[in-house]
Amino acid sequence: MLQDVYEKNISANGYKKDANQLALINLLADYSSQIEDSENFISRLFNRKKSKKHGVYLWGKVGRGKTFILNMFYNNLKINNKFRQHFHEFILDCHEKINNLNQQKNVDDKVTRIAKDISQKFKILYLDEFQINNIADAMLLSKIFTELIANGAYIFFTSNFRPEEIYKHGLKREYIYPFIELIKEKIEIFNLDTEVDFRKEKLKEFKLFMHPYNEQKFQSLIDNFLDVKDYIQTKIQISENRYLYINRSAGKIARFTFNELCVENLGSSDYIALCKHFTILIIENIPQLKFDNHNEALRFITLIDCMYDNKIIGIFSAETKLDMLYIGKIHRAEFDRTISRIYEMQSNEYLDNSLLYAR
C-alpha cells in the first residue's frame, strides 16, 4: 500500500508523519487503484466507481514534500505507460514538435496531433514544478491539456502556486484563463499546507555556497572538492543549428560567472543541455538580485530548477548570504523555492544521490 511506503520513507529520513501528507497519500492511493483497475479486464467488466477527475494539481510552499510524495506515487504505480518530466522540458518538447510539424504539409491541427501522440503512449503524465513565464507557453497550455484529458490521460502536477495565481504578472494573462478553468473543472486541486520545510530540516552541512565572494577562498574550496588542473573551451549542441559555447570546462565540470549564465540571453533549453552534459556546475559572482533584475532572476530560477531535477552538483559564490540573494517582490514565491533547493543541494544526501559518479 502507498501509505506503507510513505511511512517507511518517513521513518528512514527521520521525519514525523504529517496529517496533510497522509491525506494526500490517501487521495493518491485512490488514484492508484482507479488507474491500475482500468488496466484490469475484470474491474472494467464490473464498472467499479471511479473519480470523474483526471489527476491532481498539487500546490504548496517549498520544501513541504510535494515532489517527494508524488515520486512515491509514481514509482509505485503498477503500470508501464507512465511518464515523468520536469515541466520546463515538457513544454520545450511540445514547442519543438510543433516546429517540426510546421515543416510538414497537410497537418491541420498540430496541437491535437501532439496530444493524441502523447496520450497513445502514456496513460499517466507527471509534470514536476509547473510554472508559466511567457505568453507562448500560456497560449499552448489550454488546448494541449484539453486534448490530453479528452483522450483519457491522467495528469499530475506539482506547483508553488494555486491555480488562480498562475502567470499572475504575465503579459496578456487572459490567455491563461481557459487553462485555469480547465484545471478547476477536470483536475483535483490539493494544497499541501504543512508547517515544516522538510528540505531545510534535512540539511546536514552547508559547504558549497560561499559569501561574500573571495577569489582565493573560493578557489581553495574548489581545489578541496575537485581535482581540476586546466580548463578548456568547448561547445555543446542545443538544437540542430545552435550551440552553446563554454569558456571553462574540464571533463564533466563547467565553470561560469553568473553573468555568463543569467545575464546573457539563455533559457531552459540551454540549461537542460548543460545539465545533460555536465555533472558539476561552478557559478561564481552571483549578485544580490533586486526589482530591476527581473530577467536575471527568472533565468537563475530556471537554471536551479534544471540543476536540481537532473541531480547536478552546484558550487556557488555570491555577494550576500543565500536567504538575502533576492530582495525583489514579483518573483518572491519562485525564488523561495530556488533558495530552498540550493540549501538542499548542499546536503550530504543530495551529494550522495547526485550524478557525480553516475556518468
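Mentor: Helix α6 passes α7 in a right-handed crossing; a crossing is right-handed if the near helix is turned clockwise from the far one by less than a right angle, and left-handed if anticlockwise. This is a predicted model, where local features need pLDDT of at least 70 and side-chain atom pairs count only at pLDDT 80 or more, while totals for chains, interfaces and linings use all residues. Residues are numbered from 1 along each chain as its sequence is written, and side-chain values use heavy atoms, with hydrogens and water left out.

Trainee: At what angle do α6 and α7 pack?
Mentor: About 45 degrees, with the axes 8 Å apart; α7 covers residues 135-150. Axes are lines fitted to C-alpha atoms, for helices over the stretch in contact, and angles run from 0 to 180 degrees between N-to-C directions. α6 and α7 are therefore oblique to each other, as angles under 35 degrees count as roughly parallel, over 145 as roughly antiparallel, 65 to 115 as roughly perpendicular and the rest as oblique.

Trainee: Which residues meet there?
Mentor: From α6, Val111, Thr112, Ile114, Ala115, Ile118 and Ser119; from α7, Leu140, Lys143, Ile144, Glu147 and Leu148. Contact means heavy atoms within 4.5 Å.

Trainee: And α5 with α6, what is the crossing angle?
Mentor: Roughly 125 degrees, between α5 (residues 87-102) and α6 (residues 110-121), whose axes come within 10 Å. That crossing is right-handed. Helices here are DSSP runs (H or I, at least four residues), and strands are too (E, at least two), numbered from the N terminus.

Trainee: Changing topic: how many residues are in the largest nonpolar core?
Mentor: It has 41 residues, and Phe300 and Phe335 are among those with the most contacts inside it. Such a core is a set of buried Ala, Val, Leu, Ile, Met, Phe, Trp, Tyr and Cys residues joined through side-chain atoms within 4.5 Å. Helix α13 (residues 294-309) gives the largest share, eight residues.

Trainee: What does Phe335 touch?
Mentor: Leaving aside neighbours within four places in sequence, Phe335 is in contact with Leu289, Ala297, Phe300, Ile301, Leu325 and Tyr326.

Trainee: Is Phe291 buried or exposed?
Mentor: Phe291 counts as exposed because its relative accessibility is 60%. Buried means under 20% relative accessible area, exposed over 50%, partly exposed in between (1.4 Å probe, protein chains only).

Trainee: Where is Phe291?
Mentor: In the loop between β10 (280-286) and α13. Beyond its neighbours within four places in sequence, Phe291 is in contact with Gly328 and Ile330.
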